[in-house]
Amino acid sequence: MGIATVNPATGETIKTFEPESPSSIATKLAIAQEAFEQYCQTSMEQRAEWLNAAAEIVERDRVKFGELMTTEMGKPLKSAIAEAQKCALVCRYYAEHAAEFLADVPASTDATQSFVRYQPLGVILAVMPWNFPFWQVFRFAAPALMAGNVGLLKHASNVPQCALAIEQIFAEAGFPEGVFQTLLIGADQVEPVIQDPRVKAATLTGSELAGAALAAAAGTQIKKTVLELGGSDPFIVLESADLEAAATTGVTARMLNNGQSCIAAKRFIVVDAVADEFQQRLLEKFQALKVGDPMAEDTDIGPLATPGILRDLDQQVQACIEQGAKVLIGGHPLSDRAGNFYPPTILTDFPSGTPADNEEFFGPVALLFRVPDIDAAIKLANSTVFGLGASAWTTNEEQIPRLIDELEAGAVFINGLVKSDPRLPFGGIKRSGYGRELSIQGIHEFVNIKTVWVK
């Protein structure tokens, strides 16, 4: 597929774009480097003023931007509007806190004066995914720009208009020319960009394969990368859990963004003592979900972003069924309508060796496992190659410390769904990636942490 807006609800190609030529890429790299040399000298107060202006623009035009996201990748409009509002939140967060996060840190040594100083690196390449086409970009851009870096965005090829709109937001907010630019390029053009000496580091949110390719290319140039990759997050329900709250939140945690979220609850791991009741509650809530036009206010589940995602998800589901898994609801694409629609699906009773063991299901499919106790729940939760987030439900105060300490994940949420929040660092372990976004840790990823010693 080329660079194009293809409405996933109808299959209609709305607009196509020519990939940028090598000369265009070279020009933008030169502009970025020139911009950095000036921008890194601007004051923190000036950067904050521009970033707050960007927040105002996103909030002002949140419906327009929400409609653009929904048109390009299919999320329900109400979710897309909320995503735009969250982008304003992260801009304001870093506008307020960046000066504090980047202030010199004194140290007591044998010097007359010694401290740590944080300084920008330069041009940062961001390779971003389609599933949260605004949020993923802003959570990189807000800290990176406040730190004095400049950004080059290589967005997913199915959300080009979102990419261009974000570039325009930063320009309208007053950031100097070249501080944030979009590169309309395919995946095959990423390696030459990361190898250009003007690019100092890169961040990627996406698949394991994409992350490995970027890290390998950056590694040959000794350049830092931050990777946020896939997940197969567990959602553990123990015997003391509030089952209604767990089931209600579980539906949201699985169906957010039409099920296309790295931190969606994918594996529901429920102890036998409450498994029947929880399964029934979850099933009833899945049955009540409405699949339809993502622009409609009452739609809960829109289409998957591309035909390829639909095909891959269905292949995983059919492989599980053929090997003996039981279908409680759903299980096949919706063939009675145009677009990439897959119904809410629950699979259970898995034999060993199915894709449910160690693959990420990127769509509205819940995998329901039964276990005898907390020991088995933690063991199964940790059995995956991923380690992004984990949600666990219990009112037993003695179990909570075990869940926090023993679950192998970048984030553990007790009695809540896994989510990203500017105030907390976000990222994973194992094959879910490395490095952190957001909070103070996120802004420190792309700075030179310089030791200063004066005597």
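How many nonpolar, polar and charged residues does the lining of the second largest pocket have? In this predicted model, that lining has 11 nonpolar, seven polar and seven charged residues. The second largest pocket holds about 490 Å³ of space. Its lining is formed by 25 residues, and those nearest the pocket centre are K86, F132, L256, K419 and S420. Two helices, α4 (77–101) and α5 (135–146), each contribute at least two residues to this lining. Helix α4 provides the largest share, with five residues.

The largest pocket has a volume of about 1400 Å³. It is lined by 43 residues, among which W130, G206, S207, E208 and A210 are the closest to its centre. Of the elements, α8 gives the most, with six residues. In terms of residue class, the lining of the largest pocket comprises 22 nonpolar, 14 polar and seven charged residues.

Helix α4, which supplies five residues to the lining of the second largest pocket, also packs against another helix. Two packed helices are described by the angle between their axes and the distance between the axes. For α3 (residues 62–73) and α4, the angle is about 125 degrees and the axes are 8 Å apart. An angle over 145 degrees would count as roughly antiparallel and one from 65 to 115 degrees as roughly perpendicular; the two helices are therefore oblique to each other. The crossing of α3 past α4 is right-handed. On the side of α3, the contact is made by R62, V63, G66, E67, M69 and T70, and on the side of α4 by L77, A80, I81, E83, A84 and Q85. Sorted by class, the residues of this contact are six nonpolar, three polar and three charged.

A search of the whole structure identifies five cavities of 30 Å³ or more. The largest cavity contains about 100 Å³ of space. Its lining consists of 15 residues, with R139, F140, P143, G442 and F446 the closest to the cavity centre. Helices α5 and α14 (439–444) each supply at least two residues of this lining, and the largest share, four residues, comes from α5. The lining of the largest cavity divides into eight nonpolar, three polar and four charged residues.

The second largest cavity has a volume of about 50 Å³. The residues that line this cavity are I3, H155, A156, S157, V159, P160, A163, L183, L184 and I185. By class, eight of these residues are nonpolar and two are polar, while no charged residue is present in the lining. The lining of the largest cavity, by contrast, includes four charged residues.

Note on methods
Residues are numbered from 1 along each chain as its sequence is written. This is a predicted model: local features need pLDDT of at least 70, side-chain atom pairs count only at pLDDT 80 or more; totals for chains, interfaces and linings use all residues. Side-chain values use heavy atoms; hydrogens and water are left out. On a 1 Å grid over the protein atoms alone, a cavity is a set of points where a 1.4 Å probe fits but cannot get out, and a pocket is an open set with protein on both sides within 12 Å along at least five of seven lines; lining residues have an atom within 4 Å of a point. Grid points are joined across faces, edges and corners, and a volume is the space filled by probe spheres set on the points. Ala, Val, Leu, Ile, Met, Phe, Trp, Tyr, Cys and Pro count as nonpolar, Asp, Glu, Lys and Arg as charged, and the others, Gly among them, as polar. Axes are lines fitted to C-alpha atoms, for helices over the stretch in contact, and angles run from 0 to 180 degrees between N-to-C directions. Angles under 35 degrees count as roughly parallel, over 145 as roughly antiparallel, 65 to 115 as roughly perpendicular and the rest as oblique. A crossing is left-handed if the near helix is turned anticlockwise from the far one by less than a right angle, and right-handed if clockwise. Contact means heavy atoms within 4.5 Å.
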